[in-house]
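Student: Could you take me through how one reads the local features of a model like this, beginning with a single residue and working up to packed elements?
Tutor: Gladly; let us look at the structure together.

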Amino acid sequence: MSKLIVGLIQVNARNEMAPNISFIEEQARKALAAGANFVMTPENSTLLGANHEDTLSKVVAEEHHPGLMSAKGLAREHGVWFLIGSIHVKVEGERCANRSYVIDPEGRVVAWYDKIHMFDAELPNGERYRESSVFRPGERAVVARTPWGGLGMGICYDMRFGHLQRALAHAGATLLTLPSSFTVPTGRAHWHVLLRARAIETGCFVFAPAQVGLHAGGRRTYGHSLVVSPWGEVLADAGGDSAGFVTAEIDLARVEEARRALPSLGHDRDFRGPEVLES
């Protein structure tokens, strides 16, 4: 398939699943009416709890997850592809998985990915995050096969580890997904820069649907769901003010054009070290 129109849904998730799922269904249908044939949602699509305990108390097993069932139904009903940026899935006693899914037009999960890198940080403004206390880190990188090429999967904090996206590109990815719930301070400083860099250094299209606004517990997220070209151009930006959706038409030929113009993916070399030399 040569024509790809992505629809990125920007969500202001509450700490109850039902209203978030209803909002995603509503916006997905609007994006589809606008021509999208691949719909994508952000990290924590169906739940942003007020705190760790609140989040863990509402986690359900994958086979019963209403967000996953809803996305499968939408994909099947409309004959489109669907990316759940991530949902919380029960996997072990005190922690869950932060899991992303690619769903085909038959409503089948064709790939899933658990977030590898945990955001454990204290920001200069005093905000503290410890994802590892809630989520079990993933251990495998994933490239999903789609009609438009390989799709390398990541989630939010993963974007800060450029070697992961480069490995995905070497494994055949021409599209990268980085659904996120970025904080406002780090978003203002790094969001656009990091996503453009990941696109440039891999020669991939980057899709980053995002959370936006004020959430339970006082957390604020940055928004600005982005589509970035392999040359680093921002093709769509949903802004930082409100939830909704944004679409972009993708010219897949631009991947080869960018990689031919700047073929750095073919220039990796093994090296020793680094050696720490004493003066």
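Tutor: Let us begin with Asn44, which counts as buried because its relative accessibility is 6%, under the 20% that sets the limit for that class. Please keep in mind throughout that this is a predicted model.

Student: Where does Asn44 sit, and which residues does it touch?
Tutor: Asn44 is placed in the loop between strand S2 (38-40) and helix H2 (52-57). Once residues up to four places away in sequence are set aside, Asn44 touches Ala13, Ser86, His88, Asn98, Ser181 and Gln211.

Student: Is Asp114 buried or exposed?
Tutor: Asp114 is buried, because its relative accessible area is 7% and the class takes in values under 20%. Asp114 belongs to strand S5 (residues 109-114).

Student: Which side chain makes a polar contact with that of Asp114?
Tutor: The partner is the side chain of Arg99, at 2.6 Å.

Student: Let us turn to backbone geometry: which residues have a positive phi although they are not glycine?
Tutor: Cys156 is one of them, with a phi of about 45°, and His224 is another, with a phi of about 60°. Cys156 lies in the loop between S9 and H4, whereas His224 is found in the loop between strand S13 (220-222) and strand S14 (226-228). Cys156 counts as buried because its relative accessibility is 6%, and His224, at 18% relative accessibility, counts as buried too.

Student: What can be said of the residue Gly172 and its phi?
Tutor: Gly172 follows H4 and has a positive phi, near 115°.

Student: And which peptide bond is cis?
Tutor: The bond from Gly273 to Pro274 is cis, with omega near 10°. Pro274 is located in the segment after H6.

Student: Moving up to whole elements, how does one describe a pair of packed helices?
Tutor: Two packed helices are described by the angle between their axes together with the distance between those axes. In this model, the axes of helix H1 (residues 17-33) and helix H3 (residues 66-78) come within 10 Å and cross at roughly 20°. H1 is therefore roughly parallel to H3, since angles under 35 degrees fall in that class. The crossing in which H1 passes H3 is right-handed.

Student: Which residues meet where H1 and H3 pack, and how do they divide by type?
Tutor: From H1 come Met17, Ile21, Glu25, Ala28, Arg29 and Leu32, and these meet Pro66, Gly67, Ser70, Leu74, Glu77 and His78 of H3. The residues of this contact of H1 with H3 divide into six nonpolar, three polar and three charged.

Student: Which residues of H4 are buried, and what do they pack against?
Tutor: In helix H4 (residues 162-170), the residues Gly162, Leu164, Gln165, Arg166, Leu168 and Ala169 are buried. The buried residues of H4 pack against S5, strand S8 (143-146), strand S9 (149-153), strand S10 (173-177), helix H5 (184-202) and helix H6 (253-261).

Student: Let us end with residues that are separated along the chain: how far apart are the C-alpha atoms of Pro230 and Arg198?
Tutor: These C-alpha atoms are separated by 8.8 Å, although the two residues are 32 residues apart along the chain. Pro230 lies in the loop between S14 and strand S15 (234-237), and it counts as buried because its relative accessibility is 2%. Apart from neighbours within four places in sequence, Pro230 is in contact with Ala199, Ile200, Gly203, Cys204, Phe205, Arg254, Val255 and Ala258.

Conventions
Residues are numbered from 1 along each chain as its sequence is written. This is a predicted model: local features need pLDDT of at least 70, side-chain atom pairs count only at pLDDT 80 or more; totals for chains, interfaces and linings use all residues. Side-chain values use heavy atoms; hydrogens and water are left out. Helices (H or I, at least four residues) and strands (E, at least two) are DSSP runs, numbered from the N terminus. Buried means under 20% relative accessible area, exposed over 50%, partly exposed in between (1.4 Å probe, protein chains only). A polar contact is a pair of N or O atoms within 3.5 Å; within protein, one must be able to donate a hydrogen and the other to accept it, and residues adjacent in sequence count only if both atoms are side-chain atoms. Axes are lines fitted to C-alpha atoms, for helices over the stretch in contact, and angles run from 0 to 180 degrees between N-to-C directions. Angles under 35 degrees count as roughly parallel, over 145 as roughly antiparallel, 65 to 115 as roughly perpendicular and the rest as oblique. A crossing is left-handed if the near helix is turned anticlockwise from the far one by less than a right angle, and right-handed if clockwise. Contact means heavy atoms within 4.5 Å. Ala, Val, Leu, Ile, Met, Phe, Trp, Tyr, Cys and Pro count as nonpolar, Asp, Glu, Lys and Arg as charged, and the others, Gly among them, as polar.
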